[in-house]
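Please open the model in your viewer and keep the sequence panel beside it. This tour tells you what to select at each stop and what you will find there.

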Amino acid sequence: MSRPPLTDLLRQRYGANDRPGKVAWNATLELLLNHRSVRAYSNERLPDGTLTALVAAAQSAATSSNLQTWSVVAVEDAERKARLSLLADDQEHIRTAPLFLVWLADLSRLARVAEQVGLPALGLDYTELLLVAVIDAALAAQNAVLMAESLGLGTVYIGAMRNRPLDVAAELALPSRVLPVFGLCVGWPDPSSPTAVKPRLPQEAVLHHEHYHQEAEPSAVERYNAAMAAFYREQRMKVKGSWAIHSAKRVAGPESLSGRDKLREALQQLGFLLQ
């Protein structure tokens with residue numbers, strides 16, 4: 001299979017009219033630019049050793065102070081995937097993906113280690129440690145995604161694991177001080193339901209030189225609105241309103257957070273004091 005030229009890959013990632021200038025190019029960047037969310041999976045089994053490879057890749061990510069404050073639960077049982085799907089807005093792809101990974105911010109292991117060596121673990125009650133654990137989990141999961149895509153597999157993140165975190169914690173028998181941060185579907189993409197690369201904001205909206213600049217943002221957002229409108233037309237998606245409108249509605253109020261407006265209370269019930 002011939003590879004798409006660099007110009008096509010950049011057009012997919014940024015839209016036809018927003019491509020950065022000179023780009024240092026290699027196969028890794030090609031893999032990254034081809035990333036897309038896959039929500040339809042075939043029935044084909046994953047190759048032997050896939051899960052081990054994904055976790056090895058995840059454990060090769062950076063981790064703050066080598067604390068390794070994350071864990072992951074691999075779910076392959078159909079009934080458990082179905083229950084988790086219902087806790088995440090009944091998303092069908094959680095049920096159909098052969099492997100569903102729930103990535104955890106896990107401070108419980110450090111609490112047990114501290115107890116084993118006879119030291120206190122009062123620092124675990126501070127917000128900083130939860131932030132460290134969430135970052136660790138995100139870095140690890142992204143490494144796993146890159147590994148999966150290098151094998152030809154498809155993935156999609158499931159943020160709705162945070163909609164009902166207490167119920168997810170009960171389903172997975174999570175101990176205190178463990179938060180389900182997000183899920184990840186993994187499987188072979190269904191060839192009958194191809195997916196496309198979704199454009200991202202122009203670089204001048206996210207890249208700041210020396211200090212934060214806002215001057216270029218309005219025009220960058222307007223060009224991105226146009227790029228997303230073209231994407232919706234190409235994909236025959238009936239979406240009303242611009243990216244800016246959709247995004248503003250997503251943060252308009254607590255009612256748009258799908259239950260996550262109560263996340264702080266849930267965190268406290270899961271053992272995070274957040275001092």
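Is Arg 236 buried or exposed? Select Arg 236 and show its surface: at 79% relative accessibility, Arg 236 counts as exposed, where buried means under 20% relative accessible area, exposed means over 50% and partly exposed lies in between, with a 1.4 Å probe and protein chains only.

Before going on, please note that this is a predicted model, in which local features need pLDDT of at least 70 and side-chain atom pairs count only at pLDDT 80 or more, while totals for chains, interfaces and linings use all residues. Residues are numbered from 1 along each chain as its sequence is written, and side-chain values use heavy atoms, with hydrogens and water left out.

**Stop 1: two loops with a positive phi**

Stay with Arg 236, which lies in the loop between H10 and H11; helices here are DSSP runs of H or I with at least four residues, strands are runs of E with at least two, and both are numbered from the N terminus. Phi of Arg 236 is near 55°, a positive value in a residue other than glycine. Most residues other than glycine have a negative phi. Glu 210 counts as exposed, at 83% relative accessibility.

**Stop 2: helix H10**

Select residues 217-234, which make up helix H10. This helix has 18 residues and reaches 25 Å from its first C-alpha to its last, close to the 26 Å expected at 1.5 Å a residue, the expected span being 1.5 Å times one less than the number of residues. Colour its buried residues, among them Ala 220, Val 221, Tyr 224 and Phe 231. Which helices do the buried residues of H10 pack against? They pack against helix H1 (6-14), helix H9 (203-206) and helix H11 (243-250), where contact means heavy atoms within 4.5 Å.

**Stop 3: the sheet**

Next, show the strands as a cartoon: four of them form an open sheet in the order S1-S2-S4-S3, with antiparallel pairing, and two strands pair if DSSP finds at least two bridges between them. Strand S1 (70-75) and S3 stand at the edges, each with a single partner strand, so one side of each is left without a neighbour in the sheet. On average, neighbouring strands of this sheet are turned by 25° against each other, direction ignored; such angles are taken between axes, which are lines fitted to C-alpha atoms (for helices over the stretch in contact), and run from 0 to 180 degrees between N-to-C directions.

Select strand S4 (178-187), which is mostly covered, since 10 of its 10 residues are buried. Eight bridges join S4 to strand S2 (residues 99-106), and these two run antiparallel; along them you can find Ala 105 opposite Leu 179, and Trp 103 with Phe 182 as its bridge partner. S3 pairs with S4 in the antiparallel sense over five bridges, and Val 156 stands opposite Cys 185 there.

**Stop 4: an aromatic pair**

How many aromatic pairs are counted? The count comes to four, with rings of Phe, Tyr and Trp (its six-membered ring) pairing if their centres lie within 6.5 Å, and planes under 30 degrees apart called stacked, over 60 edge-to-face and the rest tilted. Select Tyr 157 and Phe 182, whose ring centres are 5.3 Å apart and whose planes stand at 85°, so the pair is edge-to-face. Tyr 157 lies in strand S3 (residues 154-158) and Phe 182 in strand S4, so the pair ties together parts that are 25 residues apart in sequence. Tyr 157 is partly exposed, at 32% relative accessibility, whereas Phe 182 is buried, at 12%.

**Stop 5: Arg 177**

Finally, select Arg 177, in the loop between helix H8 (165-171) and strand S4. Its side chain joins that of Asp 125 through a polar contact of 2.9 Å, a polar contact being a pair of N or O atoms within 3.5 Å; within protein, one must be able to donate a hydrogen and the other to accept it, and residues adjacent in sequence count only if both atoms are side-chain atoms. Not counting residues up to four places away in sequence, Arg 177 touches several others, including Ala 105, Leu 124 and Phe 272.
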